[in-house]
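Keep the sequence and the model side by side while reading.

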Amino acid sequence: MVTVTDIESAADYAVKILGNRVVMGLPLGLGKPVQFVNAIYRRAKANPELQLTIITALSLSRPKPGSELEKRFLQPFIERVWGDYEELDYIQDQACQTLPPNVTLHEFYFKPGSMVGNSTAQQNYISTNYTFVARDINSIGVNLFAQMVSPSNEPALKHVSLSCNPEVTLDLLDRIEDRRKAGETIVCVGQLHPGMPYMAHEAEVETDRFDVIVDDTKAHKTLFSTPNMPVEMLDYFVGLNASVLLRDNGTLQIGIGALGDALVYNALLRHKNNLAYGAVLSELNISENYAELIAEFGGIKKFSNGLYGCSEMFINGFYRLIEGGVIKRQVFNDLGLQCKVNNGEIDPTTLDDGVIMHGGFFLGPTDFYQGLKNLSADLSNQIHMKRISYVNHLYGDEDLKRAQRQHARFINTVFNVNLLGAAAADQLENGQVISGVGGQYNFVAQAHELEGARSILLLRSTRTRVDETLSNIVWSYGHTTIPRHLRDIVVTEYGIADLRGKPDNEVIKAMLNITDSRFQTSLLLQAVEAGKLEAAYKVPEQFRQNTPERLAEVYKAHRKNGLFPNFPFGSDFTYTEENLLQALGWLKKKSKPGSLLELGRKALQEDESDSVHFAAHLQRMGLEKPGHWREHLYRRLLLAGLKATDS
């Protein structure tokens, strides 16, 4: 192992050892050593003889504003939140489809929606379950692996932490070691960044697992973060309905996104303000409509024993659940001991070395990273980052995993579900990949393999495209991420569909019950026409009031009492920016060229009586003193959006 103090020397060393064929494997998300990757990429751009293949996932970049109003809003925010974060050079070339002919970029997970329509990215996408990523990267012949790591406090630096990304790295390093023993030349590079949370236990490795350690202080740039984003009304009700399926003394996995945040908020509400939680459930008839399901598989009381977290992604929501006393059930690495705890023979609070959270990787807002860095020694010892082969499936230590993962709830999001229970989450029916499978399939399958476990798929029942509302529950769809033979539980803002083990006609009926009522009749007729439902069937009256207006009444009433805040876990935006964000979102929904033009005409004809009320907003957007006619138009459009969303 050698230590160098500048990125360029590390890149020179790697290329010298490997020659003109470099196959570089990189972690998903935060763990990419950006400066080292850019140095290798620059060498490939400058030397056509250097054949560079990059294999990775979720390449992160700052948001790219589109319209002029978005630019005015985002630019100051980007500078404040991401500071001197250095972009990956290949991202821009990938977006413009201008990667050099000697460079190939394979990703197995895209930033959601970022590569739709990009033929280069779509053609080089690798579809694989997350559990198999180490195997697949290795089989392509990776000969350069690089990762950003956190340095220990040891004077001699004998250890580093894989921090946010031990999940694939630990499995891949074992495979690399086997190939090295067979005589292959492979270079592993660790780039130090002291800002990375130091996660110990399995995430801590000896520095000699790397051939090169780069300690370049110029590369200690701002870490990439994903700011806390708002949670909207419909998301909150999806999360509310899912929260009644959490079983005290159980296990929890959650996917990323607003629906996951909504679930976390409602789980905390259930635990910390159970009276208010019960009131909302009662108003929406959730406790009544799903009483048997809740009694058998869930609960609505506070979490007495708490939950154990076991999730490929350790999201900010898990950190909040730990803070809030929901994630607190300890599991143990000894099967005999774990069985005695499960049977009530031993009180787990009297034991040492218990774990409340097993995670694969993490990514989130800056305050999440800081929270991990500031963990007490006791709490830090209860959070273990693990290899993906441990977290995402049951093979290997199966008996122990079964004992730990009791009453497991594997909760993930999809963008549509058909009436027969098949779901799509990663790809459009025309083959265009939106994101990737990740570990979703593994957790769904695991829910069927574990006694007492359930897979719960979350989705909004509808989506809005400009001025048109469409159903996300459909009769059929030309792509499936989760096949219907693995159908289990589906949750929308209108309720819960328990599909496991049910015949097709009952599955269809359950799905219609959680469908927006504007689409129930047309979907029912399609099912009847296909011969899957009796012609005389009618949706029960109690489920024929599935409207956003009904939900809005409940939502508004409880928001007055402090429930359902726009930003449940804090905000990176100022109060004025939060208002602007809503206004710009409203304008974006009106972004159909004709309707936006008509809105602009109307806005120009109205007076500016609201301008004083929104003076701070106009100043933040640089429109307090408009100059040319476009700025006058932007000002009026912005005022229209602010007025429409002012609460």
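In this predicted model, helix α3 covers residues 68-82, which is 15 residues. At 1.5 Å a residue the helix should span 21 Å, and its end C-alpha atoms are 20 Å apart, so the two values agree. Helix α3 does have a kink, of about 35°, at leucine 74, shortly before proline 76. Leucine 74 is also one of the buried residues of α3; the others are Leu69, Arg72, Phe73, Phe77, Ile78, Val81 and Trp82. What do these buried residues pack against? Their partners are α23 (575-589), α25 (615-620) and α26 (629-645). Just after α3 comes glycine 83, with a positive phi of about 50°.

Next, turn to glutamine 404, which lies in helix α18 (residues 398-404). Is glutamine 404 buried or exposed? Its relative accessible area is 1%, and buried means under 20%, so glutamine 404 is buried. Apart from neighbours within four places in sequence, glutamine 404 is in contact with Thr251, Tyr308, Arg329, Val331, Phe332, Asn333, Gln338, His358 and Tyr390.

The last stop is the second largest pocket, which holds about 410 Å³ of space. It is lined by 16 residues, and those closest to its centre are Tyr290, Ile496, Asp498, Lys502 and Ala510. At least two lining residues come from each of α12 (291-297), β22 (495-498) and α20 (504-513). By class, the lining has 8 nonpolar, 6 charged and 2 polar residues.

Note on methods
Residues are numbered from 1 along each chain as its sequence is written. This is a predicted model: local features need pLDDT of at least 70, side-chain atom pairs count only at pLDDT 80 or more; totals for chains, interfaces and linings use all residues. Side-chain values use heavy atoms; hydrogens and water are left out. On a 1 Å grid over the protein atoms alone, a cavity is a set of points where a 1.4 Å probe fits but cannot get out, and a pocket is an open set with protein on both sides within 12 Å along at least five of seven lines; lining residues have an atom within 4 Å of a point. Grid points are joined across faces, edges and corners, and a volume is the space filled by probe spheres set on the points. Helices (H or I, at least four residues) and strands (E, at least two) are DSSP runs, numbered from the N terminus. Ala, Val, Leu, Ile, Met, Phe, Trp, Tyr, Cys and Pro count as nonpolar, Asp, Glu, Lys and Arg as charged, and the others, Gly among them, as polar. The expected span of a helix is 1.5 Å times one less than its number of residues. The bend at a residue is the angle between axes fitted to the seven residues ending there and the seven starting there. Buried means under 20% relative accessible area, exposed over 50%, partly exposed in between (1.4 Å probe, protein chains only). Contact means heavy atoms within 4.5 Å.
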